[in-house]
Amino acid sequence: MRIAMLYKHKNITPFIISIITILILALISQFLLDTSDGNKELLFNGERAYQDVIYQTSLGSRVIGSDAHAKVVQWLQDRLNSQEWGVEVQEGNKTNVPIKNIIAKRGTGTPWIILGAHYDSRIIADRDQVPEKRLLPVPGANDGASGVAVLLEIARVLPQETRGQIWLVFFDAEDNGNYQGQDWILGSRLFVENLKEKPDAMILVDMIGDTNLTVYWERNSDQRLNKQIWDIANRLGYSDIFIPVYKHKIIDDHIPFLEANIPAIDIIDFDYPYWHTTADTADKVSSESLSVIGNTILKWLETYKP
């Protein structure tokens, strides 16, 4: 009897080891499933976004009609398609300015949220301290490329199955007001004019990558959305960057939405010293600042209620 029991134990031991191994593998698989795109915490990669800033500026100033502008239009479509977003190019013309807005869509139903940024850069650096440089185009690292980079990283991070629908809109023709009779925010005006229904909310990001980032409530922006975003930033530990005080009143791509009675805000650091100068280059942009903005928006998307 003793010998028989030992014999049985010798056969059971490998069996038990096999069962334990299977259980461990099952637990690991479950862990991996639980941290897949549909369930994991959404983490924004600021360094990856910063590389997108570098790439955009490497093309040159994205002035309408330029080779750099055409390249960034194609690049945006390629990148968004590679992330399996539904991509459209909205073409139009306002005040004799040709416009190409890039629209990426995911999801259905409500809430319907639009995140926006402009991708064009200003044709003249009219605020440059050096008079000889004021007719040169603006590189647009922070003023344009930073907002685009934030949206592209959000496009990478968001899961295929979204809550409601999210549109990422890359506006053209934002930045050439007061130049040869042109006006500001032409791309966003074209976009809103062609909306058939109203989204629940619109969040604009503009000039949000500078190394000394401080964003205040913008005076034209929707008060409720301002408070929601700034409260989340505070909970994330960004209270030294998101200051819940009104400061600037700005004409930007959120204005056409507000005029159409769509809640919208502008997240912008308008105290950027290199605005509309030739010094608006990639070295003035910080991956940490991009992360602060991106993580705040991602957390807001998780919790937003119309």
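Helix H2 (residues 46-58) and helix H3 (residues 67-82) have axes that come within 11 Å of each other and cross at roughly 150 degrees. Because an angle over 145 degrees counts as roughly antiparallel, H2 is roughly antiparallel to H3. Keep in mind as you look that this is a predicted model.

**How the two helices meet**

- Two packed helices are described by the angle between their axes and the distance between the axes.
- The crossing of H2 and H3 also has a handedness, and here it is right-handed.
- Which residues of H2 take part in the contact with H3? They are Asp-52, Tyr-55 and Gln-56, and on the H3 side they meet Val-72, Trp-75 and Arg-79.
- Sorted by class, this contact of H2 with H3 has three nonpolar, one polar and two charged residues.

**The cavity**

- How many cavities of 30 Å³ or more does the structure hold? There is one.
- The space in the largest cavity comes to about 60 Å³.
- Several stretches of the chain supply the lining of the largest cavity; to find it, look for Thr-214, Tyr-216, Trp-217 and Glu-218, then Lys-247, His-248 and Ile-250, and finally Ile-268, Asp-269, Phe-270 and Asp-271.
- That lining divides into five nonpolar, two polar and four charged residues.

**The largest pocket**

- The largest pocket has a volume of about 250 Å³.
- Its lining is made of 19 residues, and those nearest the centre of the pocket are Trp-184, Ile-251, Phe-270, Trp-275 and His-276.
- By class, the lining of the largest pocket has seven nonpolar, three polar and nine charged residues.

**Two backbone spots in loops**

- Where is Pro-111 found? Pro-111 sits in the loop between strand S2 (97-107) and strand S3 (112-118).
- The peptide bond leading from Thr-110 into Pro-111 is cis, and its omega is near 0 degrees.
- Ala-173 belongs to another stretch, the loop between strand S4 (165-171) and helix H5 (186-193).
- Is phi of Ala-173 positive or negative? Phi of Ala-173 is positive, near 55 degrees, in a residue other than glycine.

Methods: Residues numbered from 1 in each chain as written. Predicted model: local features only at pLDDT ≥ 70, side-chain atom pairs only at ≥ 80, totals over all residues. Heavy atoms only, no water. Axes fitted to C-alpha atoms, helices over the stretch in contact; angles between N-to-C directions. Helix = DSSP H or I, 4+ residues; strand = E, 2+ residues; numbered from the N terminus. Parallel < 35°, antiparallel > 145°, perpendicular 65-115°, else oblique. Left-handed = near helix turned anticlockwise from the far one by under 90°. Contact = heavy atoms within 4.5 Å. Nonpolar A, V, L, I, M, F, W, Y, C, P; charged D, E, K, R; others polar. 1 Å grid on protein atoms, 1.4 Å probe; cavity = no way out; pocket = protein on both sides within 12 Å on 5 of 7 lines; lining within 4 Å. Points joined across faces, edges and corners; volume = space filled by probe spheres on them.
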